[in-house]
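Here are a few notes to read alongside the model.

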Amino acid sequence: MSASDFDPPSSPPYPQTAAVQPALDIPPGFRAFPQATHRGSTVLFNNLHELRAYGRADSPYWRYGLHGTPTSEALCQQLAQIEGGSHALLLPSGLAAISLVYFAFLKAGDDVLVPDNAYGPTCDHGAWLARDFGITMRRYDPMIGAGIADLIRPETRLIWIEAPGSVTMEVPDVPGIVAAARARGVRTAIDNTWAAGLVFKPFTHGVDISVQALTKYQSGGSDVLMGATIVNDEALQDRLVLTRMRMGWGVSSDDCYLVLRGLQTMPVRIAAHDRAARELAEWLGQRPEIARVLHPALPDCPGHEIWKRDFTGATGLFSVLFQPQYTQAQIDAFIEGLRHFAIGFSWGGAHSLALPYDVPSMRTASAWPPEGKPAGGLVRFYVGLEDPRDLIADVRQSLEAHLR
Ligand SMILES: *Cc1c(COP(=O)(O)O)cnc(C)c1O
């Protein structure tokens with residue numbers, strides 16, 4: 001019997017059999033805007049020939065729920081289209097996408113370069129592989145640009161880039177790093193979460209692999225964890241697909257549906273985050289308590305000129321450095337005194353957030369603070385979708401209450 005022409009048995013089945021009859025037909029004539037949520041661990045084959053065709057050209061596209069469903073495929077296609085790549089792959093978190101890139105492209109004996117402005121767990125992951133899996137990991141100054149050529153060794157296989165780093169906001173010279181890497185046959189991977197694949201297009205600069213934490217702007221609801229890799233090359237995709245399969249990493253179609261729903265409004269949300277964040281950042285730049293505003297669109301940010309050259313916009317995340325005379329206790333009191341900015345990790349949702357970071361403890365290859373004005377503690381702001389007038393009033397009241 002084939003699954004597609006399931007014949008009802010001639011006599012009525014016993015109740016338990018009736019209870020598990022598969023509902024195989026998608027009713028014709030029903031149309032609606034939402035992408036259908038196709039749930040399925042078991043994916044049905046029409047016959048054993050199809051089942052045995054695995055790996056051949058006539059292999060059926062769908063094999064097992066872990067590897068993808070029409071819902072996850074719809075999300076992959078949209079993500080690839082937004083970022084300008086050819087293929088995307090979904091992972092259970094942004095960090096799992098980072099991990100996938102490490103495992104797909106490195107083996108014992110290989111060397112990886114990680115910038116000092118990278119997402120903390122990206123550095124930690126590399127350090128773990130170096131400790132227990134026989135690779136070497138070296139950190140580099142994110143502002144190194146074409147100078148990365150001097151760090152490349154024969155065994156270097158992968159260079160991570162983060163543009164901008166999501167705490168220090170330093171904007172690296174991506175084309176400079178990529179040209180040096182390509183000249184030596186080294187792959188580059190970018191964590192493009194800040195730009196959401198929208199305001200920076202890594203494939204136009206020759207980057208091989210882009211990683212996104214869909215947990216952030218794509219979901220937009222602070223309620224889903226998901227990540228993606230995006231590439232513009234079929235061979236790279238094949239390698240990522242195989243590694244993901246061996247790891248057993250998949251995502252649920254219900255979560256994909258939530259991200260698809262968020263994606264519909266992502267560009268207009270990001271435009272609103274960008275406007276409000278620049279307004280707050282510019283206001284903070286006028287305050288006597290603030291030594292330096294680290295927002296890629298403002299001139300005090302390392303790499304601002306690169307941002308102007310390579311980016312088409314900004315998003316909702318930026319940092320400030322306080323004047324050096326303020327203690328961490330005062331800065332902490334300022335954060336805890338905010339009413340509209342919550343304390344918590346992750347960002348990309350409707351609600352604003354603020355967090356302190358101890359940057360010197362996160363750096364190994366470059367100095368902090370950046371050259372220029374003396375500066376103290378760093379606070380990172382995520383600007384949500386509240387009215388910026390309320391956010392500015394809130395920051396003002398907490399500065400005046402705690403930093404006098
Ligand atoms: C949040 C984040 C990640 C990790 O995403 P998760 O889904 O939380 O694992 C990776 N990189 C950057 C820059 C992030 O902000």
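1. A polar contact here is a pair of N or O atoms within 3.5 Å; within protein, one must be able to donate a hydrogen and the other to accept it, and residues adjacent in sequence count only if both atoms are side-chain atoms. With that in hand, look at K216: one of its polar side-chain atoms sits 2.5 Å from an oxygen atom of the ligand. The backbone takes part too, with a N or O atom of G94 at 2.7 Å from a ligand oxygen and a polar backbone atom of L95 at 2.9 Å from one.

2. Please bear in mind that this is a predicted model: local features need pLDDT of at least 70, side-chain atom pairs count only at pLDDT 80 or more, and totals for chains, interfaces and linings use all residues. Residues are numbered from 1 along each chain as its sequence is written, and side-chain values use heavy atoms, leaving out hydrogens and water.

3. Which residues does I159 touch, beyond its neighbours within four places in sequence? Its contacts (heavy atoms within 4.5 Å) include L113, Y140, I148, R187 and T188.
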